[in-house]
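User: Please go through this structure with me. I would like to know what stands behind each term.

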Amino acid sequence: FQLHDCERHDEIPPLYHKILGDDTGSILNIPIEISDKYLGSFIVSRKDTRPFSESEIGTIQMLSDQTGVALQSVRLFEDRERLFMGILAALSRSIDAKSRWTAGHSERVAAYAERIGRALSLSVEDMRTLSISSLLHDIGKIGVPEYILDKPDRLSEEEFAAIKIHPEKGAEIIGDIPFYDIIKSGILYHHERWDGSGY
């Protein structure tokens, strides 16, 4: 719908005045719909009190349609991201479930890492990398025999050597996933000492 000569329209909702200000002559409101689902409105205003012409409405409708396509793309991306993170969480839970000692470990590590990341004011992209790396940091334990993971006694040198290679195995496992080279270092070095002296 459109309203022109707005000063004469007492029925204009207060919300429009909040959004557009009081110095508005004409308003054009075009609904944004995708697959017959209303997503919002594309609202254009101007000081001029003349109604919008058919050609102006056509141009603004095209902008509105493009906005709808962009919103739909964002929603699809967010849905895929939620699905992806859900799969990663399920994968990390299945790894943790290999041993009775580690149930929920990867998700706790991710929660702590995210709190530290927020305290450091990391960027959105760095936080995402941190979250994924944290969830998958122990993925290499898939290659460690369960009798070692569950051993209640001190590990032998050979058993400890088998444990120590799980970061390398994890880095190998995710090594072929495109665009995820950046998380490889979080997996590969998650047991390295801060002073650089090794595992």
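User: Which residues does His137 touch, not counting residues up to four places away in sequence?

Analyst: With those neighbours left out, His137 touches His105, Ser106, Val109, His166, Ile187 and His190. A contact means that heavy atoms lie within 4.5 Å. The model is predicted, with local features needing pLDDT of at least 70 and side-chain atom pairs pLDDT 80 or more, while totals for chains, interfaces and linings use all residues. Residues are numbered from 1 along each chain as its sequence is written, and side-chain values use heavy atoms, leaving out hydrogens and water.

User: What makes His137 count as buried?

Analyst: A residue is buried under 20% relative accessible area, exposed over 50% and partly exposed in between (1.4 Å probe, protein chains only). His137 has 6% relative accessibility, so it counts as buried.

User: Where is His137 placed?

Analyst: His137 sits in the loop between α4 (124-136) and α5 (146-149). Helices are DSSP runs of H or I with at least four residues, strands are runs of E with at least two, and both are numbered from the N terminus.

User: How many helices and strands does the chain have, and in what order do they run?

Analyst: There are eight helices and three strands. From the N terminus on, the order is β-α-β-β-α-α-α-α-α-α-α. Of the 199 residues in the chain, 31% are buried.

User: What makes β2 largely enclosed by the rest of the structure?

Analyst: Seven of the nine residues of strand β2 (residues 26-34) are buried, so the strand is largely enclosed.

User: Which polar contact joins the side chains of Tyr38 and Ser41?

Analyst: It is a contact of 2.7 Å. Tyr38 lies in strand β3, and its side chain also reaches the backbone oxygen of Gly40 at 3.4 Å.

User: Why is Arg46 called buried?

Analyst: Arg46 has a relative accessible area of 17%, so it counts as buried. Arg46 is found in strand β3. Its side chain makes a polar contact of 3.0 Å with the side chain of Glu56, and a polar atom of that Arg46 side chain is 3.2 Å from the backbone oxygen of Arg50.

User: What makes Arg46 lie over the face of Phe52?

Analyst: A charge sits over a ring if NZ of Lys or CZ of Arg is within 6 Å of the ring centre and within 35 degrees of the ring normal. Arg46 lies over the face of Phe52 at 4.2 Å from the ring centre.

User: How many aromatic pairs does a search of the whole structure find?

Analyst: The search finds one. Phe160 and Tyr199 form it, with 5.8 Å centre to centre and 80 degrees between the planes.

User: Why is the pair of Phe160 and Tyr199 called edge-to-face?

Analyst: Rings of Phe, Tyr and Trp (its six-membered ring) pair if their centres lie within 6.5 Å; planes under 30 degrees apart count as stacked, over 60 as edge-to-face and the rest as tilted. The planes of Phe160 and Tyr199 are 80 degrees apart, so the pair is edge-to-face. Phe160 lies in helix α6 (residues 157-164) and Tyr199 in the segment after α8 (181-188), so the pair ties together parts that are 39 residues apart in sequence. Phe160, at 38% relative accessibility, counts as partly exposed, and so does Tyr199 at 24%.

User: Which residues is Ile163 in contact with, leaving aside its neighbours within four places in sequence?

Analyst: Ile163 is in contact with Val144, Ile148, Leu149, Leu155 and Tyr199. Ile163 is placed in helix α6, and at 13% relative accessibility it counts as buried.

Technical notes:
A polar contact is a pair of N or O atoms within 3.5 Å; within protein, one must be able to donate a hydrogen and the other to accept it, and residues adjacent in sequence count only if both atoms are side-chain atoms.
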